[in-house]
Amino acid sequence: MAIRNVLKPGMTAAAIGVTLALAVSGCAPASSSDVVIRIAMGASGDAVDSNFDTLKTQYETKYPDRTVEIIVQEDDVYQTTGLSTLLSSREAPDAYFEWSGPRMRNHVADGDGADISEYLSGDAFDGRFDDGAFTGMDVDGSGIYMVPWTGDVTDIVWYNKTIFSDLGLDVPTTWDEFMDVCAAIKASGVTPIVEGNKDQWTVGNWASHIASRVVGEDVYAETMNGEAPMNSPEMVDAMGYLAEIAREGYINDSVNALPDDEANTQFFLGRAAMIVIGSWLMADAQTDGEGLEFDYFNTPALDGAGDQESVLGISTGFMVNAKSAHIAETMDFLELVASAEGTKLWAQAGLAPMTIDPFDGVDADERTVSLATLMSTAPTVVAPSDSGYDIEVAAAFYDAVANIIGGGNVQDALDTAEKRIAEIR
Amino acid sequence: MKSDRVWTPYLLVAPAVLVFAFVVLLPALLNTGLSFVDWSGTNQMVFVGIDNFTRAFRDDIYLTAYRNTFGYIALTLILEVAVGLVMAGVVTMQGRRTAFYRIAFFVPVMLPMVVIAVLWSFVYSDDIGLINTALRSTGFDALALVWLGNPATALIAISVVSGWIYAGFYMAIFFAALQRIPTHIVEAATLDGASQWRIFFSVKVPMIRPMIEIAVLLCVTGAFQSFDLFYVMTNGGPDHATEIVTTYLVEVVFRFNNLGYGAALATIMTIVVLALGLIFARIRSKVGGVDVEY
């Protein structure tokens, strides 16, 4: 009994000691990393993903006590549910990809965007950007909330050079010429235009551009902010151009069922002569479009009040989460993204970086360089409805566009959109 | 002693009540509370009274989502419950060697829904899809449609996939119920000269009626929980032809960041589902939902 009494406290202490030791060893981090930086983005192609892995390795080599987690989501998921879910999660990203303009400002209003202007004016980013690169990355003229990454032309007509050459077709400069080209391609048995409008933004973006060209940029902006009627005669005229494409059968029948990436594949396989989508097609082409001879032209001139040389585009960048506990460390990673070496990686991957020297020392594809020039020299840059303006108005507009490109009546479609927007107002 | 036992029943049910309260009641109450505010999820909440509810009843897409959901219910009652019942009947008529068919019919239930949705998207594909390729290769080009891109066919196409998945599930339920029917009843009907189909519809089906009623209730309430098939295959399109309440909820909450309005839509849906359950129970009690004893 005496022995038991003596042993009992000793055994208890030993048990507690063993338990604590196991708990401590179990709780200890697997690696020596003290700081974890999470970077979230939508998928931009294998080449881009691979480049982020390269930068992650460089960063972790430079800062051995830090780890970078790259969170890549399917693009549509990221834009809709993905990013908002990530931001409200316990392990929210420290930095995340976003488009400049209203989406960025919404994050700032929600407390998810940090003002990083002090960092950007420091030595690390000194001379990496022209002032113009920060357009749309402030809030009411104050602060900077993004590290600029790429300038995306969001809507251009990519065409298969072999098909054009075989049919003796020239690049069209007016809408009438464009329709003639489509007619010739259709007569040859090839689908003139393929679009994957399942998620509505592909044709929606093109419709945004057409609308801005026809009604004028100011009226377009008012319309997409819900301040001017969606079903005005001018808007009906503008959407008449898309209706013509649907009526003449110049677009794939599956337009509203096909995802955008499958439409890209159809274009790369030569099943259609043209596709209207953004400059990021170049990144996809590196892996999927090998051997295809293709080039691009801007949407041909229309009859309208807008600038017929305008470009539909938007800048992108990385926002830093205001709630992050590691803002300085995150900026160290973004410094690599914007560095000369990082810029080279993006340019080689087919993107158009917004740094001051996007193609220095890079054997970049001439189309990528040309697209960057198109964006930087455009007399007017128009933002797409869904990333530049009120998202609910854009959704109503894109619904109408999907209906029209599916063969619906223009006036009815825009009346329905206007009814929805009136509710939002 | 007696006073101690007064608490015993309460203590026994307490865990279940607590779990139900935290998992169902509390979230439902919080959601109802959110229905009365304008809130993006992170900004300042603004009380808006019943504005979100009045907006819902003027929202054409939301009302369309209900029409589509009820259309989906009607189609799945046939493609899931009725087909499952017939399959169970066929399987039971085959005698002993039924294991293969039962497993084969049940396999789709075990596959991840997203995988099924992606697979069937290819089956329905306009140019490389199994259906259109078969139609074109047999000379029926005119019947080759853009199944998921045509507002007239998209909902039916998704319902067929739903039927392909769940008919096997209902078959398993009905098969188990049919196995419980005493053999002497079936033998008596056989001796009276009834055919297998007559026995099935006039003897077996009435005897498993309670199970069929449960299946119908599951099918109806399950339709309001559907999401993944619709989200992956059509994302509510084309032109909202396959928009159901859950896909629209996701759009309102995650795309438009309108949590207050989304909460109101969810509250209304909860009331609709509860009302349907109550109506179903009422009908069942009125028409005599007494279990057949055998």
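In this predicted model, the side chains of A:Glu423 and B:Arg58 are joined by a salt bridge, with a nitrogen-to-oxygen distance of 2.8 Å. By the rule applied, four salt bridges cross from chain A to chain B. Polar contacts link eight residue pairs between chain A and chain B, counted where both residues have pLDDT 80 or more.

Several elements of chain A supply two or more residues to the side that touches chain B: helix H3 (75–87), helix H11 (260–268), helix H17 (391–405) and helix H18 (410–424). Of the residues on this side, H17(A) gives the largest share, namely five. Sorted by class, the side of chain A that touches chain B comprises 13 charged, eight polar and four nonpolar residues.

The extent of the interface may be stated in two ways. Counted by residues, 25 of chain A are in contact with 29 of chain B. The size of an interface is also often expressed as the accessible area lost when the parts come together. For chain A and chain B the buried area is about 2300 Å², of which 46% lies on carbon and sulfur atoms.

Attention now turns to the strands within chain A. Strand E1 (residues 35–42) and strand E2 (residues 66–73) of chain A run parallel and are joined by eight bridges. Within this pairing, A:Val35 has A:Arg66 of E2(A) as its bridge partner. Between E1(A) and E2(A) the chain passes through helix H2 (residues 46–62) of chain A, forming a right-handed β-α-β crossover.

Conventions:
Residues numbered from 1 in each chain as written. Chains lettered and ligands numbered in written order. Predicted model: local features only at pLDDT ≥ 70, side-chain atom pairs only at ≥ 80, totals over all residues. Heavy atoms only, no water. Contact = heavy atoms within 4.5 Å. Buried area = accessible area lost by both parts, 1.4 Å probe. Polar contact = N/O pair within 3.5 Å; in protein donor to acceptor, adjacent residues only side chain to side chain. Helix = DSSP H or I, 4+ residues; strand = E, 2+ residues; numbered from the N terminus. Nonpolar A, V, L, I, M, F, W, Y, C, P; charged D, E, K, R; others polar. Pairing = 2+ DSSP bridges. Right-handed = clockwise from strand over helix to strand, strands pointing away.
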